[in-house]
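Subject: A structure for you to look at

Hello,

I am passing a structure on to you, and my notes on it follow below.

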Amino acid sequence: MDTDSPFECRWGILATGWIATVFTKDLLLPPRARGVSDITHTVAAAASSSSLSRAQEFLSSVNAPATAVAYDSYTALVTDPRVDVVYVATPHSHHFANCLLALQAEKHVVCEKPFTVNASQLEILIRVARGKKRFLMEAVWTRFFPLAREVGRIVREGTIGEVRRVNAELNLCQHPEVTYADGNHRMVNPDLAGGALLDLGLYPLTWVFMTLYHTLPPFEKPTSAPAVIGTISRFEATGVDAENVVVLTFPRSIGVASSGIRVASDPQTAIRICGTKGEIQVQHPAYRPESYTLIKDGEATRKEFPIPGGGHGMFWEADEAARAIRDGKLECNECPVEESLLLMKAMDKVRLDNGFRYPEAIEKTDY
Ligand SMILES: NC(=O)C1=CN([C@@H]2O[C@H](COP(=O)(O)OP(=O)(O)OC[C@H]3O[C@@H](n4cnc5c(N)ncnc54)[C@H](OP(=O)(O)O)[C@@H]3O)[C@@H](O)[C@H]2O)C=CC1
Ligand SMILES: O=C1OC[C@@H](O)[C@H](O)[C@H]1O
């Protein structure tokens with residue numbers, strides 16, 4: 001075997017909506033444009049639950065190779081032997097069932113965020129994936145951005161001293177009363193597990209966990225989950241949360257994560273990572289970080305990280321998933337399932353404390 005030839009990862013795209021399009025276009029960009037030569041991606045197939053023509057249109061809209069097959073059912077996609085890994089891009093409410101479908105068919109799985117509706121569902125996915133020896137990852141693309149990695153390194157090296165507090169927010173001023181007046185959009189629809197917390201809150205919570213948990217060496221990791229309290233305010237039309245604030249207490253630090261769909265974020269300081277010797281501010285938006293400012297000894301130094309190759313920045317998560325699959329790993333170091341589970345438990349706790357439960361049909365864990 002030629003050891004220099006790149007590993008080809010063959011993706012099956014499950015669902016054909018907005019993010020499936022963005023992700024698949026990124027997948028198909030030449031890896032060399034971002035300095036990657038050890039792996040390549042191909043789209044083996046895509047499936048739409050709506051119709052065959054929808055799947056065909058999707059494949060042509062992303063310029064998929066002529067060999068890519070269109071399916072009108074998710075089951076047909078996950079049983080295609082030419083698919084190595086299934087990318088799940090349905091609304092949150094469907095992730096649990098769709099991931100299970102793919103895992104039961106012995107496929108590796110990369111699932112859009114949030115992984116599931118609740119932690120109990122995720123625990124089942126993790127158990128099934130381990131039992132089947134299949135790779136499983138939540139597609140939290142932010143974690144794979146070069147900026148996020150550099151910020152993690154700066155924190156680990158102690159440049160800003162001991163990090164004692166992280167304030168992270170993701171607010172998008174979407175005028176929900178007008179934009180989502182009929183209540184059908186997945187952002188506010190309880191049947192699709194809508195609400196700011198699960199959709200947007202995941203990103204500020206990710207910054208809290210990346211900084212206050214992920215950067216710690218294994219022997220310093222807290223043995224118990226952080227204490228979590230949170231409050232929400234509701235979008236009256238459908239009852240999901242429109243705003244939320246979550247406070248997480250770790251043994252030596254505190255994280256404050258907030259998100260919402262009524263007001264905008266401060267463009268300069270979406271994230272503040274506050275250390276005893278300085279701080280790092282990451283500019284909005286929390287999900288696609290392209291610049292940060294290091295403030296130390298009275299000086300502010302800003303660094304830009306433009307996304308290379310004309311993409312959206314989703315290719316980095318795909319590259320790492322492909323490498324892990326190539327290397328026979330069952331999860332990815334940058335986005336371990338253990339951290340997805342901790343985060344899901346934090347969101348469960350906020351919902352529980354605020355009496356915010358989704359319809360039983362999407363909270364359930366039987367399969
Ligand atoms: N990482 C990121 O930056 C982003 C992640 N996301 C995540 O991706 C997921 C999908 O979001 P997005 O692409 O915006 O959603 P869309 O509504 O645009 O697409 C969802 C797709 O899921 C399929 N689907 C299956 N069942 C249903 C159903 N009951 N209702 C609606 N759609 C259904 C449809 O595809 P088909 O008919 O072909 O089966 C539909 O096109 C969400 O979980 C979201 O959190 C979203 C945006 C950004
Ligand atoms: O994950 C996301 O990030 C970008 C937002 O615009 C989108 O609504 C959300 O789902």
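Predicted model: local features only at pLDDT ≥ 70, side-chain atom pairs only at ≥ 80, totals over all residues.

**The overall layout**

The protein chain is divided into domain 1, residues 7-141, and domain 2, which is made up of 146-304 and 336-363. Their C-alpha centres lie 25 Å apart. Where the two domains touch, the contact takes 16 residues from domain 1 and 16 residues from domain 2. On the domain 1 side, helix 4 (92-104), helix 5 (119-132) and strand 6 (136-139) each supply at least two residues. Which of the elements gives the most to that side? Helix 5 does, with 4 residues. By class, the side of domain 1 that touches domain 2 has 9 nonpolar, 4 polar and 3 charged residues.

The record places "domain: Gfo/Idh/MocA-like oxidoreductase N-terminal" at residues 10-137. Over residues 10-137 the chain is 41% helix and 22% strand, with the end C-alpha atoms 16 Å apart. The record also lists "domain: GFO/IDH/MocA-like oxidoreductase" at residues 149-280. That span is 24% helix and 33% strand, and its end C-alpha atoms lie 13 Å apart.

**The nonpolar core**

The largest nonpolar core has 116 residues, and Leu14, Ala46, Val85, Val86, Tyr87 and Val109 touch the most other members. Helix 8 (residues 196-214) gives the most to this core, with 13 residues. Both domain 1 and domain 2 contribute, with at least three residues from each.

Not counting residues up to four places away in sequence, valine 109 touches Val85, Val86, Val88, Cys99, Ala102, Leu103, Ala129, Arg134 and Leu136.

In helix 1 (residues 18-27), the buried residues are Ala20, Phe23, Thr24, Asp26 and Leu27. Seen down the axis of helix 1, these residues fall within an arc of 155°, so they line one face of the helix. The buried residues of helix 1 pack against strand 1 (7-14), strand 2 (39-47), strand 4 (85-88) and helix 9 (315-326).

Is arginine 326 buried, exposed or partly exposed? It has 15 other C-beta atoms within 10 Å, so it is partly exposed. Beyond residues up to four places away in sequence, arginine 326 touches Phe7 and Ile39. Phenylalanine 96 is 230 residues from arginine 326 along the chain, and their C-alpha atoms are separated by 25 Å.

**Some details in the loops**

- Lysine 113 and proline 114 are joined by one, with omega about -15°; proline 114 is found in the loop between strand 5 (108-112) and helix 5.
- Histidine 284 and proline 285 are joined by another, with omega about 5°; proline 285 lies in the loop between strand 12 (278-282) and strand 13 (291-296).

- Glutamate 106, with phi near 70°, lies in the loop between helix 4 and strand 5. Glutamate 106 is exposed, with 12 other C-beta atoms within 10 Å.
- Aspartate 297, with phi of about 50°, is found in the loop between strand 13 and strand 14 (299-304). Aspartate 297 counts as exposed, with 6 C-beta neighbours inside 10 Å.

Lastly, have a look at leucine 172, in the loop between strand 7 (163-171) and helix 7 (176-179). Leucine 172 is partly exposed, with 19 other C-beta atoms within 10 Å; the cut-off for a buried residue is 20 or more. Leaving aside neighbours within four places in sequence, leucine 172 is in contact with Leu200 and Ile261. Leucine 172 and glycine 260 are 88 residues apart in sequence and 6.4 Å apart in space, C-alpha to C-alpha.

Technical notes:
Residues numbered from 1 in each chain as written. Chains lettered and ligands numbered in written order. UniProt positions renumbered as here; feature names shortened; annotations may be inferred. Domains from an automatic or database assignment. Contact = placed C-beta atoms within 7 Å. Nonpolar A, V, L, I, M, F, W, Y, C, P; charged D, E, K, R; others polar. Arc of directions from axis to C-beta. Core = buried A, V, L, I, M, F, W, Y, C linked by C-beta atoms within 7 Å.
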